[in-house]
Number of protein chains: 2
Amino acid sequence: MNDQHILRAYDRDLEAIQAHVLKMGGLVEDAILKGTDALTARDVEAAERVRQGDKVIDALEESLNDEVARIIALRAPMARDLRVLLSVLRLSASLERVGDYAKNIAKRVTVLAESPGLGGADASLKRMAREVQGMLRDTLDAFVRRDAELARDVLTRDEGVDQMYNALFREILTFMLEDPRTITPSMHLHFIAKNLERMGDLVTNMAEQVIYLVTGEKPQDERPKGDRTAFMGSPGANGA
Amino acid sequence: MNDQHILRAYDRDLEAIQAHVLKMGGLVEDAILKGTDALTARDVEAAERVRQGDKVIDALEESLNDEVARIIALRAPMARDLRVLLSVLRLSASLERVGDYAKNIAKRVTVLAESPGLGGADASLKRMAREVQGMLRDTLDAFVRRDAELARDVLTRDEGVDQMYNALFREILTFMLEDPRTITPSMHLHFIAKNLERMGDLVTNMAEQVIYLVTGEKPQDERPKGDRTAFMGSPGANGA
């Protein structure tokens, strides 16, 4: 009876923790889309709201950490339960970082507000943002449903984000070479694209974390890394 | 007697964990310096060694995670001990990320090997790397000695790294505007500078973590953020 009582209390704790993660995740998804929308609309006020919203995300991470520590100290969970709780710490740390990147995108709206859009760059950024947000949503679903298949599906999609980034990197280089007046806004756009690419990497790490939680196995290392720009010389130097 | 026995076993566990963190930290310090040296020397082989070395850092993080989970499950540590163990998880996650950034710097050596150095950029990057490495060394010392003062000192130094980054950002923009042939190497150099600036931020977070561990207090939020480039238009548009 007493054991069962403890069990139920622990389940309630765990449910509360998961709801907390989902809430945090929902805010981060929102920040990704709204940060990028604010950018493409050159909407300084919307950007400011995204920046303010990041404080809520940070506070949620802190209280999640405290809550997990409290449960570990109180319930002394064993093996599998502990694994779930430690996963939550890692997932929330990644969420906080994704939120930070969204805030950094919003920060650049001010300086870009004076620049016209460059070619199809805005549309590409929006596409990247939507894809990363979708990957994050599915990762959180996979976490709550303990669905390793769905998490594996997320892994395969990161390469698409990387490819969008690579294409945009080359496009931005071309803008700068063709018209030096675009150099300053191009540098900022490039930052934003790189931030979205990094968000994709973080979400991919989260999906790997979910797979490990569900199956106990780490996905084999060295999945295809799609950011090839570290090796890129001038546009045209290495085709496609 | 039995309690004392348990206490001693826990202390031994904790010492082993801390030695493990220091080992990982030492490798990351090395990667920061050697990655940047490989870059400024345009030494492709040295860069490859840094990239390979990152696998060891990643493996150390994984085994540290497993070890912490094992100790929590085995010893069910309370309050303060648990706080130390959870801090270790956060510190090692940050170390792993700093190591990743160092690896990313090393990755760009190949493409930059064909480019001559640009102005004083190489010297600036080396200065940034040395400063970040020093901050990391002191943060790890502060952790082991539970020295909040030393950790606070690290916080004040991040602004210096940010200022070096800001100056370099402006310098790089100027290169590109003056000579479009420098655009491609400039983009890579800029990435590297930004990676070093982010490493400084991560080390600062680690120092805050140490302060929290020692004092139980989180340093007040919103310390001065030194990266102003998110608000920078063309060089000269906003002085200093």
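1. A polar contact, as the term is used here, is a pair of N or O atoms within 3.5 Å; within protein, one of the two must be able to donate a hydrogen and the other to accept it. The side chains of B:Lys194 and B:Glu197 are joined by such a contact, at 3.1 Å. The model in which this pair is found is a predicted one.

2. The setting of B:Lys194 deserves attention. This lysine belongs to helix H7 of chain B, which spans residues 183-215. Is B:Lys194 buried or exposed? Its relative accessibility is 5%; because buried means under 20% relative accessible area, B:Lys194 counts as buried.

3. Overall make-up of chain A. Chain A contains 7 helices and 0 strands, and its pattern along the sequence reads α-α-α-α-α-α-α. Chain A has 240 residues, of which 54% count as buried.

4. Relation between the chains. Chain A is superposed on chain B by a rotation of 180° with 0.0 Å of shift along the axis, and the RMSD is 0.0 Å. This is the relation of a two-fold axis. Which residue of chain A comes closest to the rotation axis? It is A:Ala76, whose C-alpha lies at 2.8 Å from that axis.

5. Helix packing in chain B may be taken pair by pair. Two packed helices are described by the angle between their axes and by the distance between those axes. The axes of H5(B), residues 121-145, and H7(B) come within 9 Å and cross at roughly 15°. Angles under 35 degrees count as roughly parallel, and H5(B) and H7(B) are therefore roughly parallel to each other. Their crossing is left-handed. By class, the residues in this contact are 20 nonpolar, 3 polar and 2 charged.

6. The helix H5(B) also packs against H6(B), residues 148-178, at an angle of about 165° and with the axes 10 Å apart. Since angles over 145 degrees count as roughly antiparallel, this makes H5(B) roughly antiparallel to H6(B). Here too the crossing is described as left-handed. The contact of H5(B) with H6(B) is made up of 14 nonpolar, 3 polar and 8 charged residues.

7. A further pair involves H7(B), the helix that holds B:Lys194. The axes of H3(B), residues 79-107, and H7(B) come within 10 Å and cross at roughly 170°. That angle makes H3(B) roughly antiparallel to H7(B). In the contact between H3(B) and H7(B) there are 16 nonpolar, 5 polar and 5 charged residues.

8. Backbone angles in two loops of chain A. Most residues other than glycine have a negative phi. A:Arg42, although not a glycine, has a positive phi of about 50°. The residue A:Arg42 sits in the loop between helix H1 (2-40) and helix H2 (44-75) of chain A. With a relative accessible area of 18%, A:Arg42 is buried.

9. A:Arg146 is not a glycine, yet it has a positive phi of about 50°. Where is A:Arg146 placed? It lies in the loop between helix H5 (121-145) and helix H6 (148-178) of chain A. The relative accessible area of A:Arg146 is 22%, and this residue is partly exposed.

10. A:Gly134 lies in helix H5 of chain A and, with a relative accessible area of 7%, is buried. Between the C-alpha atoms of A:Gly134 and A:Val154 there are 8.9 Å, while the two residues are 20 apart in sequence. B:Gly119 is located in the loop between helix H4 (109-112) and H5 of chain B. Its relative accessible area is 68%; because exposed means over 50%, B:Gly119 is exposed. The separation of B:Gly119 from B:Ile172 is 53 residues in sequence and 9.1 Å in space, C-alpha to C-alpha.

Methods. Residues are numbered from 1 along each chain as its sequence is written. Chains are lettered from A and ligands numbered from 1 in the order in which they are written. This is a predicted model: local features need pLDDT of at least 70, side-chain atom pairs count only at pLDDT 80 or more; totals for chains, interfaces and linings use all residues. Side-chain values use heavy atoms; hydrogens and water are left out. Helices (H or I, at least four residues) and strands (E, at least two) are DSSP runs, numbered from the N terminus. Buried means under 20% relative accessible area, exposed over 50%, partly exposed in between (1.4 Å probe, protein chains only). Axes are lines fitted to C-alpha atoms, for helices over the stretch in contact, and angles run from 0 to 180 degrees between N-to-C directions. Angles under 35 degrees count as roughly parallel, over 145 as roughly antiparallel, 65 to 115 as roughly perpendicular and the rest as oblique. A crossing is left-handed if the near helix is turned anticlockwise from the far one by less than a right angle, and right-handed if clockwise. Ala, Val, Leu, Ile, Met, Phe, Trp, Tyr, Cys and Pro count as nonpolar, Asp, Glu, Lys and Arg as charged, and the others, Gly among them, as polar. Copies are superposed by least squares on the C-alpha atoms of residues with pLDDT of at least 70 in both.
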